[in-house]
Amino acid sequence: MIKFNLFVLPFSLGLIYIAWSIAMHYYRWIKALPAVDKVKLSAGIRNPSKIFASLKEIFLESLIHRKLWKRNPMLGYMHMSFALGWFLLIVIGNLESRIYHGSHINAPYYPIFLKFFIHDRLVLFFEIFTVPAFFRFIMDFILLFILSGLALAMIKRKQSKWFGMKQTTNHSLFDRIALTCLWLIFPMRLLAESYTAGFFGGGGGFLTQNLGRFLVSVTPGSAEMIAYYFWWSYSLVLGLFFIMIPNSRYMHIPSELLLIVFRHCSIQPRKWGSSFSSLEANSCSRCGICIDACQLNFAAGISGIQAVYLIRGQREQYIPENVAMTCMLCGRCQEACPVGIKVDSLRLIKRREIGSGQVSSFSYLSNSHPGFADVVYFAGCMSHLTPTITRAMEGIFTEAGVNYLFIDRGGSVCCGRPLMLAGKDKQANELIEFNKTLIRQTRAKLLVTSCPICYKVFREEYNLPIRIEHHSQYILDLVRDGRIALQSQHRRVVYHDPCDLGRGGNMYEAPRELLRKISDILPSENECADALCCGGSLSLMNTPLSKKDEVTKNALESLLKNGPDILVTACPLCKKTFSKHSKTEVCDIAEMVHDAIPGRQTRKTRNVNEPVAVNS
Amino acid sequence: MPDFGYTITKDRQLDHDHGDFRYISLVRSIEPSLDLCIGCGSCSASCSAAGFTDFNIRKLHTIIRRGDVESVKAELKKCMFCGKCQLVCPRGVNLRNLIMAMNRAIELLG
């Protein structure tokens, strides 16, 4: 039996190249890991439960594409047909080839082009129940499965809405070529196998055999020659696709496997970047789901800066400054990403490169002892612009009889996050150290803040030895402990999740539980992890403020659809931003609680349609 | 100095022949909303840093506009970047980016 033909060469060369390339990439990513992460990795891969968890996730995400199924069944099916279908084609094709092969060692191309070499006819009736016939059926079935996915992929190019995607990525030329190769692979295989089966009158399954018989009958000329051309084409597109992988978006296929293993070994992105971030960038499939999630895209019409383009820039070693800087870092894209890439950390790495050069000097800050207390209240800069919040908090502290210290009453030293969002981490450190000393001096056991921006940075950067709580959680605890009694006002409210508290601090339930005690919560379109950004984000600096206004108006429209009496949030910046455009009253949760304490109500309900009385 | 019961105001005369206007034109090209400023001073009134030290963003802006940059360089470093100024600005000047732009201009032009 001859087991070689010249046409296998393009495929074989492509395979050798991609195998070498992936091995080199893996080697570099692992070698360039920081020492701490290397230790984590070597401990992780010796731990069977972590290996099992990694394999399970690889199966569910890389083959089945579970997250995509959840997002949209058509999208999930399309990706599963390619990934799982191709995987099964390789595995079962290998098993099938063993029937016809004496030894256990196959040339890698042999299973791929098996039907070229083997096309014996199953003549007798009972032979359709034999093992070869079974394999032929299965292989044709899988091929059909993949082709159905291919048909969906083609439809998706024109009708992405059917797949739950309003917009898709604007791909580079290189990605388009790779995509064309990928699309051609399976039709070429179908035609090659069909013509061969048709010509020899055997060797095919239900699909290729019947299609082959038909094709041979309608095509003039030598069917064997035509088949041979298609075998060449099949091998060529396969080889070309392999060669395109390392420089195209399809590098996500091998990269994601390693990324999943890294994650299960608890390796995290580093502040100044590491090979983990490079691996993350390679794991992006440029599916463009992040584009739909981005409010700057759908509310403000800003394109070209979304996560997918940032990551593509990172892979091409060139991120334009405006791509890195034009982002609210709201985290919506990160939440939507089916690969779970930490886009915000990638963007901040780039911002740090840009912002680290500029110097700051806060030597003017002088430390005087703040005094002692059980609870430190840090209102934050933004809360100083919304004094109703700080007043409400003080009222609540007093009502609950808490020994508290309003540490930034006289004026606040910024928590440092606004500087960090501009990439000025080094400069922010000076503020962080100052605040840390101040907080430590109070000997308090608990730090309460009204600002989710401060809350996030306190938890992530301060390393304080005390508990840190946002006021929504703190007030809820006070209510649970019976230290403040509340009386429901039965106002119809919609709760808006601030980005840094929700997606950034994973706190969704506490404010809702608190609100349920004092008001009637109405549902809104985008809740919890899917919540919209108010548009006030301190992370976005370089766009005209009118663009931010557009985001705010769009978010308000969505939030106020059910016509609440009050729009409640838990962030002074959200309150300030919404108040500018909202006709409905905007309140912080602390104010709501304060007004629900019998006898303490201070806030007058504002009716925007009535003229404001001016005190003379 | 003995207290004579009065002070002499520092000379505030500006010689436009010696002003360096490269900075303001660069800043303006990066952040055009600067031209919306009416000099009301809300930014400085709300400023976090100003609560601790003599830092006045309205003044810095005016000084750069007049072509005098040297005195601004050290002052700018005091900004904590918290963004309160921007939220209170009645004219919608993108103040955080303005400060970034001033820093950038100093970085580029020396």
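Which residues does Val27(B) touch, not counting residues up to four places away in sequence? They are Leu34(B), Ile64(B), Leu98(B), Ala101(B), Met102(B) and Ala105(B), where touching, or being in contact, means that C-beta atoms placed from the backbone lie within 7 Å.

Before going on, a word on the model. It is predicted, so local features need pLDDT of at least 70 and side-chain atom pairs count only at pLDDT 80 or more, while totals for chains, interfaces and linings use all residues. Residues are numbered from 1 along each chain as its sequence is written, and chains are lettered from A and ligands numbered from 1 in the order in which they are written.

Val27(B) belongs to the largest nonpolar core, which has 145 residues. Such a core is a set of buried Ala, Val, Leu, Ile, Met, Phe, Trp, Tyr and Cys residues joined through C-beta atoms within 7 Å; buried means that 20 or more other C-beta atoms lie within 10 Å of a residue's own, exposed means 12 or fewer, and partly exposed is in between. Among the members that touch the most others are Cys290(A), Tyr377(A) and Val27(B). The largest share of this core, seven residues, comes from H6(B); helices are DSSP runs of H or I, at least four residues long, numbered from the N terminus. Another core, of 48 residues, lies apart from it and includes Leu114(A) and Phe230(A).

Helix H6(B) turns up again where the chains meet. Here 22 residues of chain B are in contact with 23 residues of chain A, and H6(B) gives the most to chain B's side, with five residues.

Now look within chain A, at helix H8 (residues 131-158) and helix H9 (residues 173-200). They pack at an angle of about 140°, with their axes 10 Å apart; axes are lines fitted to C-alpha atoms over the stretch in contact, and angles run from 0 to 180 degrees between N-to-C directions. That angle makes H8(A) oblique to H9(A), since angles under 35 degrees count as roughly parallel, over 145 as roughly antiparallel, 65 to 115 as roughly perpendicular and the rest as oblique. Residues including Leu143(A) and Leu150(A) in H8(A) meet residues including Trp183(A) and Phe186(A) in H9(A).

Most residues other than glycine have a negative phi. Gln317(A), however, has a positive phi near 60°, and is exposed, with 6 other C-beta atoms within 10 Å. Phe81(B) also has a positive phi, of about 75°, but with 27 C-beta neighbours inside 10 Å, Phe81(B) counts as buried. Gln317(A) sits between helices H16 and H17 of chain A, and Phe81(B) between H4 and H5 of chain B.

Notes
Helices (H or I, at least four residues) and strands (E, at least two) are DSSP runs, numbered from the N terminus. Two residues are in contact if their C-beta atoms, placed from the backbone, lie within 7 Å.
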